[in-house]
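Subject: Structure handover

Hello,

Here is the structure you are taking over. Please have it open while you read the notes below.

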Amino acid sequence: MAFQIIINLIVGFLWMFLSESYTMPSFITGFIFGILLLFVLRRFIPGEFYFKKVLNILKLTLVFIKEVIVSNIDMLKYIYSPKKIAEPGIFSLPLDVKSNWEITILATLISLTPGTLSVAVSENNETLFIHAMNIEDVNESIRSIKDTFEKLIMEVTR
Amino acid sequence: MTESEMLLHIIVNIIIIFTVLIGVFFVFSATVGIIRFPDIYTKLHAATKASTLGLAGILLGAFLFLYIQHGIVSGKLLLAILFIMITNPVSAHMISRAAHAKGIKPVIRNREDDFEQYKTKLTSE
């Protein structure tokens, strides 16, 4: 991956020098051409096409922003509804992600999603304890977290 | 100033006012939530989530205002939004963990507290 980024930077600089305009826009043009070049030659260059990872990071960011907005609107419903909160409680989520870094991102994402707040991580890093405003179905909420966030995080880090 | 410039000015001002108002509304809702909810964990839900978007809205409004009225691109405001989004969940996590360690029981209806069970299992071993 580092190899591909270096190739891409070299292509960007080459473009800048060949077009004889030493400005940021021409470097960016060259950089984009470098990405295209790497995409065309991805079968012959060792390692996976690195821009795919960048796209995955972008996707994770977009999902994050979407979840923040949805959870805020969800929160408004709880705050202004006259009823009591139906079923608050703490449930446990078995983790598939292993490293500290991944667990941190996952806990952050869970805290900002509708109705859930991460409370603690178990000592062996295998379970995450989550407080939820309204647990209708534990398995359903576990499945939705696993399908969306954990999958996206694993796509970025692995 | 021509007619169309005036119109553009008014529309931009309306957008700025709208973002700031949304931000203030969300912060206000967070306050209401903190007063209304029964225990510390649900209160934290309100404090983290609603205030994130609230502060983001206010800062975005300030950014637009500075850019359009004074022509200043203030990167600090955008960075502040990013850092709020990173630090808010972390502080909520730490506060709720500390509360649980102190032994504050969450309000629970029809459900077990998984973390409590885990802790009792750890101490019994």
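How many positive and negative side chains does chain A have, and how far apart do the centres of the two sets lie? Chain A has 14 positive and 15 negative side chains, and the two centres lie 5 Å apart. Lys and Arg count as positive and Asp and Glu as negative, while His and the chain ends are not counted. Each charge is placed at NZ of Lys, CZ of Arg, CG of Asp or CD of Glu.

First, the ground rules. This is a predicted model, in which local features need pLDDT of at least 70 and side-chain atom pairs count only at pLDDT 80 or more, while totals for chains, interfaces and linings use all residues. Residues are numbered from 1 along each chain as its sequence is written, chains are lettered from A and ligands numbered from 1 in the order in which they are written, and side-chain values use heavy atoms, with hydrogens and water left out.

Chain A

Chain A holds five helices and three strands. Helices (H or I, at least four residues) and strands (E, at least two) are DSSP runs, numbered from the N terminus. Along the sequence the order is α-α-α-β-α-β-β-α.

The radius of gyration of chain A is 22 Å; a compact globule of 158 residues would have one near 15 Å. That radius is taken over C-alpha atoms, and the globule rule is 2.2 Å times the number of residues to the power 0.38. The C-alpha trace of chain A spans about 70 × 35 × 25 Å along its principal axes.

Two domains are assigned in chain A: domain 1 (2-40) and domain 2 (51-157). Such bounds come from an automatic or database domain assignment. The C-alpha centres of the two domains lie 38 Å apart.

Of the 158 residues in chain A, 42% are buried. Buried means under 20% relative accessible area, exposed over 50%, and partly exposed in between (1.4 Å probe, protein chains only). Take contacts in chain A between residues at least 6 apart in sequence: 64% of them join residues at least 24 apart. A contact means heavy atoms within 4.5 Å.

A:Glu102 sits in helix α4 (residues 100-111). A:Glu102 is buried, at a relative accessible area of 3%. Leaving out residues up to four places away in sequence, A:Glu102 touches A:Val97, A:Ile153, A:Thr157 and A:Arg158. A:Thr148 is 46 residues from A:Glu102 in sequence, and their C-alpha atoms are 14 Å apart.

A:Glu20 is in the loop between α1 (2-18) and α2 (24-40). Is A:Glu20 buried or exposed? A:Glu20 is exposed, with a relative accessible area of 62%. A:Glu20 also has a positive phi of about 55°, although it is not a glycine.

Chain B

Chain B has four helices and zero strands. From the N terminus, the elements run α-α-α-α. Chain B has a radius of gyration of 21 Å, well over the 14 Å that the globule rule gives for 125 residues, so chain B is more spread out than a compact globule. The C-alpha atoms of chain B fill a box of roughly 80 × 25 × 15 Å along the principal axes.

Buried residues are 35% of the 125 in chain B. Among contacts in chain B with a separation of 6 or more, 60% come from residues 24 or more positions apart. Chain B carries 11 positive and 8 negative charges, with mean positions 8 Å apart.

Best wishes
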